[in-house]
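Please keep the sequence and the structure in view while reading.

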Amino acid sequence: MLRSAFGGGSDWKVLSSVLAILLAGELGLYLAEPRLSLDVQHIRSIPTIVRNFEAAPGPGVLFLGNSLTRAGIRPDVVEGAWPPHRLPQAKFALVYPDDTRLLDWFYVYRRFVEPARSLPRVIVICFAQSQLADGQPLQPERLGSQFAGFPLLSEAFSDDVLSASDRISYLLGATSRVWANRERVQTRVLALIPGYEALAQTLNEAASVRQRASGNDRPDTYTRLARFIERAGKDGVGVVFVATPLPRRFPLPDDLRRTIRRGGAELLDLQGTEPADPRDFPDGYHLSPTAAERFSESLGVALAANAYFRTALLGRRPADHSRSAAGRSDLAAVAH
């Protein structure tokens with residue numbers, strides 16, 4: 001019956017050949033995936049990072065973010081600023097998938113960090129521009145393939161991945177390495193073209209400008225941010241959000257500040273710690289190694305002097321720290 005439906009043996013041979021090619025492509029890409037980029041290697045190592053972090057002694061500080069964290073945070077320099085403040089020796093871990101934002105970080109926390117037997121005392125999230133807002137572009141294939149996957153499919157479809165097309169992309173990402181990595185493969189191929197990387201950076205900057213301009217008439221909302229803070233709070237984990245230096249300052253809307261404060265988290269505005277010098281931002285976005293050292297020292301001092309961070313690191317519930325003190329601490333950090 002099925003044989004006749006496909007028009008005979010020749011059609012079956014074609015179908016079998018197509019399936020064999022697809023399976024070979026999936027297997028080949030699975031084996032070659034870590035060589036596509038250092039970011040893929042890092043994402044695959046997240047479970048190992050969490051296990052090693054869990055096993056290490058001392059209160060834990062998890063830096064969770066994107067390439068801003070990768071380029072800008074030096075944990076040894078951060079901790080090196082603590083001795084005058086008599087903080088305990090901590091263990092550190094850094095998780096920083098490229099081109100991620102709040103929703104991705106939420107599912108990284110839910111899938112990889114939250115199930116651990118020993119949770120971090122504090123999560124520090126370095127962000128820029130509107131990366132904490134609800135309006136950030138959804139990346140359903142990345143959620144399906146790398147961050148939420150099948151374990152958190154029900155929650156993702158209930159709260160975040162709502163349209164039929166996004167759900168299809170999510171499922172394809174969860175089941176197909178070829179689909180999930182199509183843009184990486186395309187980028188690797190296009191990178192062979194002379195001048196492509198410079199052109200791509202120019203186009204990305206232009207797209208970013210258009211996105212900011214088109215969003216000027218729509219105020220940002222922060223329901224996902226509130227959800228993240230609430231989830232971490234139930235686990236007894238403090239969350240500190242750090243506005244990271246860029247060549248141009250970006251605003252921190254009042255609604256963002258209120259959402260963080262009402263949720264029982266903390267905000268540090270450290271944008272003023274680095275001068276807007278092109279040498280400090282060699283690619284126009286990430287800190288240079290020298291600037292990263294300075295920023296990490298400033299962050300270490302700001303964290304050590306921050307009552308919310310100290311309370312969480314010492315093992316007390318951050319909610320026990322008064323909201324008024326939390327509201328004043330970010331101003332103190334700016335004044336530093």
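Predicted model: local features only at pLDDT ≥ 70, side-chain atom pairs only at ≥ 80, totals over all residues.

Residues are numbered from 1 along each chain as its sequence is written, and side-chain values use heavy atoms, with hydrogens and water left out.

**Overall make-up**

- The protein has 17 helices and five strands; helices (H or I, at least four residues) and strands (E, at least two) are DSSP runs, numbered from the N terminus.
- Of the 336 residues in the protein, 45% are buried (buried means under 20% relative accessible area, exposed over 50% and partly exposed in between, with a 1.4 Å probe and protein chains only).
- Among the contacts with a separation of 6 or more, 78% join residues 24 or more positions apart (a contact means heavy atoms within 4.5 Å).

**The sheet**

- Five strands form an open sheet in the order S2-S1-S3-S4-S5, with parallel pairing (two strands pair if DSSP finds at least two bridges between them).
- Strands S2 (91-95) and S5 (266-269) stand at the edges with a single partner strand each, so one side of each has no neighbour in the sheet.
- From one strand to the next, the twist averages 20° (axes are lines fitted to C-alpha atoms, for helices over the stretch in contact, and angles run from 0 to 180 degrees between N-to-C directions).
- Strand S1 (residues 60-64) pairs with S2 in the parallel sense over five bridges, and Leu62 has Ala93 in S2 as its bridge partner.
- S1 and S3 run parallel and are joined by three bridges; here Val61 has Val122 in S3 as its bridge partner.
- S3 and S4 also run parallel, joined by six bridges, with Ile123 opposite Val239 in S4.
- Strand S4 (residues 238-243) pairs with S5 in the parallel sense over four bridges, and Phe241 stands opposite Leu267 in S5.
- Helix H14 (residues 254-263) packs on the sheet, where it touches strand S3 (122-127), S4 and S5, and its direction makes about 140° with that of S5.

**Burial of the strands**

- Six of the six residues of S3 are buried, so this strand is largely enclosed by the rest of the structure.
- On one side of S3 the buried residues are Val122, Val124 and Cys126, and on the other they are Ile123, Ile125 and Phe127.
- S2 is mostly covered, with four of its five residues buried.

- Helix H7 (residues 140-147) has eight of its eight residues buried, so it is largely enclosed by the rest of the structure.
- After H7 comes Gly149, which has a positive phi near 65°.
- Helix H15 (residues 289-304) has 16 residues and reaches 22 Å from its first C-alpha to its last, close to the 22 Å expected at 1.5 Å a residue (the expected span is 1.5 Å times one less than the number of residues).
- The buried residues of H15 include Phe295, Leu299 and Leu303.

**Cavities**

- Rolling a probe the size of a water molecule over the atoms shows where empty space is left.
- The structure holds four cavities of 30 Å³ or more (on a 1 Å grid over the protein atoms alone, a cavity is a set of points where a 1.4 Å probe fits but cannot get out, and lining residues have an atom within 4 Å of a point).
- The largest cavity contains about 100 Å³ of space (grid points are joined across faces, edges and corners, and a volume is the space filled by probe spheres set on the points).
- This largest cavity is lined by 13 residues, and the closest to its centre are Arg101, Leu103, Gln136, Pro137 and Arg224.
- Helix H6 (residues 102-113) gives the most to that lining, with three residues.

Technical notes: 1 Å grid on protein atoms, 1.4 Å probe; cavity = no way out; pocket = protein on both sides within 12 Å on 5 of 7 lines; lining within 4 Å.
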